[in-house]
Amino acid sequence: MANTISLRGADAEALVLSNGLTAVLIDVLCLKGAEIAIAAWQKEILVRLARHDAAIVGDGFTGFDLTDILCDINPAEGAGFLSDICSMAEQEKQWSGLPYSPDRELLLGALLRFKELCLLAGRYLPSPSMPFHSRHPYTLCNRHGVYLHEEGCIFCNNY
Ligand SMILES: [Zn+2]
C-alpha cells in the first residue's frame, strides 16, 4: 500500500510514497523540525505531521494534504519552514537521531519533491484571516526530542 502527499486544488503532481518512505519522511521532518521550531505555529505544523503516525492511523493512511497541515497558518511562512527543514535534512550526513538507517537516495528524492510541493503551497494557499493561535501546549518527547501528538510520540509508538 502507498500513501499520497498532496496539495488539493493545485495543478501539482502528488507524491505517492511507500509506507516505509512516508514514515521516514515524516520522522525526519519531525526530528529536524523540532531542532529549529521556535514559534507556536512551527510546533503546530510538526504536531500535525506527527499525527500521521502509522502506529495510530495504520499503514496506508499516513498520507496528508498540505492544505490541512498549513490550515490557519500563514502559508508562505509555513512553506518556508518546511522547506528549510528539507534543506537541513538534505545536508545530513548521518541520521544519529533515527532508530534506523534510511535509504539515503530514496529519502533525498522524497525531500526534494516534498520541498517543491511546499513551495507551491506557499504561493497557492490563501492567507488566513486571523493570526494563528495555539490551542494547546507543545511538549517534546524526552527520549526522542520530537513534539508529541495527542497519542504520544511518533518514535516511541513505532520503534
Ligand atoms: Zn519518543
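Which residues does Phe114 touch, not counting residues up to four places away in sequence? Phe114 touches Ile5, Leu15, Leu25 and Cys86, where contact means that the C-beta atoms, placed from the backbone, lie within 7 Å.

1. Basis of the note. The model is predicted: local features require pLDDT of at least 70 and side-chain atom pairs count only at pLDDT 80 or more, while totals for chains, interfaces and linings use all residues. Residue numbers start from 1 along each chain, as its sequence is written.

2. An open sheet of 3 strands is present, in the order 2-1-3 and with mixed pairing. Because strand 2 and strand 3 stand at the edges with a single partner strand each, one side of each is left without a neighbour in the sheet. Helices (H or I, at least four residues) and strands (E, at least two) are DSSP runs numbered from the N terminus; two strands pair if DSSP finds at least two bridges between them.

3. Pairing of strand 1. Strand 1 (residues 2–6) runs antiparallel to strand 2 (residues 15–18), and 4 bridges join them. To strand 3 (residues 64–65) strand 1 is joined by 2 bridges, in parallel. Ile5 stands opposite Leu15 in strand 2, and its bridge partner in strand 3 is Phe64. Ser6 stands opposite Asp65 in strand 3.

4. Helices on the sheet. Helix 1 (residues 19–36) lies across strand 1 and strand 2, at about 105° to strand 2. Helix 6 (residues 104–124) also packs on the sheet, touching strand 1 and strand 2, and its direction makes about 150° with that of strand 2. For these angles, axes are lines fitted to C-alpha atoms, for helices over the stretch in contact, and values run from 0 to 180 degrees between N-to-C directions.

5. Helix 1. With 18 residues, helix 1 reaches 26 Å from its first C-alpha to its last, close to the 26 Å expected at 1.5 Å a residue; the expected span is 1.5 Å times one less than the number of residues. Helix 1 is largely enclosed by the rest of the structure, because 13 of its 18 residues are buried. A residue is buried if 20 or more other C-beta atoms lie within 10 Å of its own, exposed if 12 or fewer, and partly exposed in between.

6. Helix 5. In helix 5 (residues 75–91), the buried residues are Pro75, Gly78, Ala79, Phe81, Leu82, Ile85, Cys86 and Ala89. They cover an arc of only 160° around the axis, which puts them on the same side of helix 5; the arc is that of the directions from the helix axis to the C-beta atoms. These buried residues pack against helix 1, helix 2 (40–50) and helix 6. On the other side, Ser87 and Gln91 are exposed.

7. Core. The largest nonpolar core has 43 residues, and those with the most contacts inside it are Cys30, Leu46, Phe114 and Val146. Helix 1 gives the most to this core, with 9 residues. Such a core is a set of buried Ala, Val, Leu, Ile, Met, Phe, Trp, Tyr and Cys residues joined through C-beta atoms within 7 Å.

8. Backbone at Asp72. Asp72 lies in the loop between helix 4 (66–69) and helix 5. Its phi is near 70°, a positive value in a residue other than glycine.

How values were computed:
Two residues are in contact if their C-beta atoms, placed from the backbone, lie within 7 Å.
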